[in-house]
Each structure stands twice: as C-alpha cells, then as structure tokens.
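Trainee: I would like to take a close look at one single part of this protein, with enough of the surroundings to see where that part belongs. Could you walk me through it step by step?

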2 protein chains.
Amino acid sequence: MRNIRLTIEYDGTRYLGWQRLGDSDKTIQGKIENILTQMTRSKIEIIGSGRTDAGTHARNQIANFKTESKMERVEMIEFLNRYLPQDIVVKKVEEVPDRFHARYNAKGKKYSYYVWNDLIPSAFERNYSFHYSEKLDVELMNEACQKLIGTHDFIGFSSLKKTKKSTTRTIKELAIQKEGRLLHFTFIGDGFLHKMVRILMGTILEIGAGTLKLEVIDEVFESKIRSEAGITVPAQGLFLDEVYY
Amino acid sequence: MRNIRLTIEYDGTRYLGWQRLGDSDKTIQGKIENILTQMTRSKIEIIGSGRTDAGTHARNQIANFKTESKMERVEMIEFLNRYLPQDIVVKKVEEVPDRFHARYNAKGKKYSYYVWNDLIPSAFERNYSFHYSEKLDVELMNEACQKLIGTHDFIGFSSLKKTKKSTTRTIKELAIQKEGRLLHFTFIGDGFLHKMVRILMGTILEIGAGTLKLEVIDEVFESKIRSEAGITVPAQGLFLDEVYY
C-alpha cells in the first residue's frame, strides 16, 4: 500500500465545509474522494488534518490516503486538477511513509482571518473577509492578542460543551497587519478547538470596537462560559494557511 | 434636474457585461438601473464611461444619471448598497454639473490584466486572472510593451471591422509587475478599442512564450490585420481600474 499526501487549496464559498456528509457532493472531502475513487478505480477515503466549516477557505490543507494504485505522482496531480472543480486545487502530491497520518501527526496550524473595516463593502473581498464597519482601536486589539498568546484552557472561547478531553491549547503567535482597509489577523498554535478562531476573533473585534472590555479575556479563562465572550464571526473570513508536522 | 455621478466596483463573474440587454437582469447596467428606478420611483437610464465585456471586473467604473429625486447622497449610497447584489458596490455618489457626461467626457482609462503563470492553477485567482502556464520571458515582454506605447492605429489589435471613426489611440503607460506567480499588466491610455486590451495582452504573452516574434507588433501596425496578432485572452483577467476626466 502506498501512502499519498495531498496539499490542497480551496475556495470554500460553495461548499458545506471539509467533512463528507453521506454521499453529498457539496463538501470538499466528498468532491476529492469521488475523483480519487474514479482515478484509482477503488473506493478511497481521505484523512484531513482537520475540518473546516462551511464557507471557510484553505491555502494548504493537508490530507492523506492509502492506495494500491501504481499511478505516477505527476499523473495524479494532472488527473485531479483536470477533474476537480476549479475552486479546489491539488498543489502537491507526495509519497510518505506508511505511518504518516494527516490528523494525528499535525503538530500545529496557522490560520488567517480578514476583516474589511470600512463603511462601504467590497465587491471583491465579500467572500474572503468579514465586513465590519465599526471604528476599531488597533492598539487595544493588539493588547487583547497579547493576553490570548500562551497556554490556556480555551473552552469558553469554543463551541464545545464540557468534555473529558483536554481543552488546553497554546497560541504561539497572534498578530494584526493592516493592509489598507483590510485587517489581517494571523493565528499560530498547536491546535484550535471547534470555532475557537472565530470566537477569539469576535472577542478581539468587540474589544476593538469598545462593546467588550479587555478584562473579558481573563474573565472567560476563569469562568469558561462561552456566552461571556464575543460574537462568532462569519466563516468566510477564515483561511487555513498551514499545517505543521 | 440633478446630475448624479456614481463610482462603481463590480465583480463581473456572474454578469453578461456592463451594457443592458433588453430587460435582462444579468448585466451590471441593468441591475443598477432597476434599483435606481425603485429608488427614485421613475425610470432611470445611466450612462457608463464605456462597456465592459462579460466576466470583466471594475474597481472604479464611472456612470451618471439625471433625476428629479430630492434624496440625499448618503441615503442614495445606503439604499443602493442595501439592494444591489453583493458583487456590485457603489463606492461614491456625487452631484456634478449638468454638462457632465460619463462617456463623452472620459479623457482616458486605466486597465489591469492579471496572468497566473504557473503549472498549478489557483483556486482563488481563477475568476480574476488568466491561467497561462507557458514559461514567459519578461524582458522580451517589456520590449513588446515599449513598442506598443505611443500613438498608433490600433485597428489590427481590435475586434473592429473597417470604420470611418478614428482607430488611432495613444497608450501612455504599459508596465509589467511580478507579484509572485501573478503577473500584473497595467495599461493607461486615452481610450481603448473593443477587445484592444485583451488582444494586446494575447500578443504580449505569445511574444513572451516565443510563439510570436517581437516584429509582429510593427507588422500588425502596418498591415492592420487582426489575424496576424496574438490570441484574445479571457475577459476574467481584466479590471477597469480608473476613468480619467
């Protein structure tokens, strides 16, 4: 059996997210598995590094699958990009050791979130950012980012209910870059709980807009109560940039 | 009568182009006129600075219309952006002297064309660039640009048949910028014939790829024969950036 690793870019606008739902063609995983099954003429299941929500994008999602196929890697990448829809692109096909598992072996991830901060919306950024027109205090948001960096129990900043699994994660980097009217937030960490990036983003934005106080961060770390944190910002501003192994 | 000038941004992907076709809702002009007619409760016709083809985008298209409406400009911009689809945005509403005519008064235009120059396509640039994977000689393309700058009869680089109107135009600037795997071409001139930017682009690219010689430019200026020039590149790489008055 060969173990094949894929690097995948996708525009999530038209999809229900990464994870296959029955036979649905409206998921990224489902689309790719269908083409791989045609390509190898045997049923293929792929393992992604993790799910992405409906509307979320990826620049370098990683997945792997096992196959008996003898097809060359260059033929595979050609076949995949010929038959996949144009909003899903396979950027790399690599052969990896049998033990490589895209989810279990992931050591960390990098996400970007984009905020279009202007009164007037953008025709081009509409599917790739959150249009938020409140005046934002970038300095205050930077202070919020500093408070979030480090190792904490992030359950209050996630959509998870109480769980036996650890909800402690480490954020290594959380930075803001202003690119014109676009604010670009970068998150690097060892892992992120379900909706964690989007709830952290909503909290940072509400602090920047003055509808939440900076202290809310420590309060939610303490109370672990989701409803005390900020809004969940929309999925379309979120990009999975990198998976680290 | 007030004369209102609009600055409009649009993602042309879903549309049949700028120019209204009967009652069709699938043109930019048609969409905007329908909303303006609702807004002012009387039939509105808008004059654009010029047409854009199906799939072509605009960052700052200019249009004007006459109205008896007493609505404030801030109310207009709010109404328009509330009811227009998200891929059409009105960026500015200005009141201008009665004699202002968006087409007749246009003194020049700036266009951008984007080429995605890589073997692997891009999921994000697919609607905003031409995927052209041939190896390109940028220096040779720069020489081609230098030859095109200036005042020439561009009829051979357009889709026009013989016409009594002048087909002489002046290109003031034609520059190439490399932005990663994206090549960004900028055209500034006093006016462009139908499909002229796309045929010039096809000619420049074919020179860069080596399938046409640099001399073809002078030959087409001389012969005025369209078929001797390069391909017409796809509309989705083209952006109307600015209209000069």
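Trainee: Where in chain A is A:Tyr111 placed, is A:Tyr111 buried or exposed, and with which residues is A:Tyr111 in contact, leaving aside its neighbours within four places in sequence?

Mentor: Please keep in mind from the start that this is a predicted model. For a chain of 245 residues, a compact globule would have a radius of gyration near 18 Å, and the 19 Å of chain A agrees with that. Buried residues account for 53% of the chain, and, of the contacts with a separation of 6 or more, 69% join residues 24 or more positions apart.

Turning to your residue, A:Tyr111 lies in strand β5, which runs over residues 108-116 of chain A. The UniProt annotation "binding site", taken from an unreviewed entry, covers A:Tyr111. Its relative accessible area is 9%, and because buried means under 20%, A:Tyr111 counts as buried. Once the neighbours within four places in sequence are left aside, the residues in contact with A:Tyr111 include A:Phe185, A:Thr186 and A:Phe187, together with A:Phe192 and A:Val197. The list of contacts of A:Tyr111 also includes A:Leu238, A:Phe239, A:Leu240 and A:Asp241.

Conventions:
Residues numbered from 1 in each chain as written. Chains lettered and ligands numbered in written order. Predicted model: local features only at pLDDT ≥ 70, side-chain atom pairs only at ≥ 80, totals over all residues. Heavy atoms only, no water. Rg over C-alpha atoms; globule rule 2.2 N^0.38 Å. Buried < 20%, exposed > 50% of the residue type's maximum accessible area, 1.4 Å probe, protein only. Contact = heavy atoms within 4.5 Å. UniProt positions renumbered as here; feature names shortened; annotations may be inferred. Helix = DSSP H or I, 4+ residues; strand = E, 2+ residues; numbered from the N terminus.
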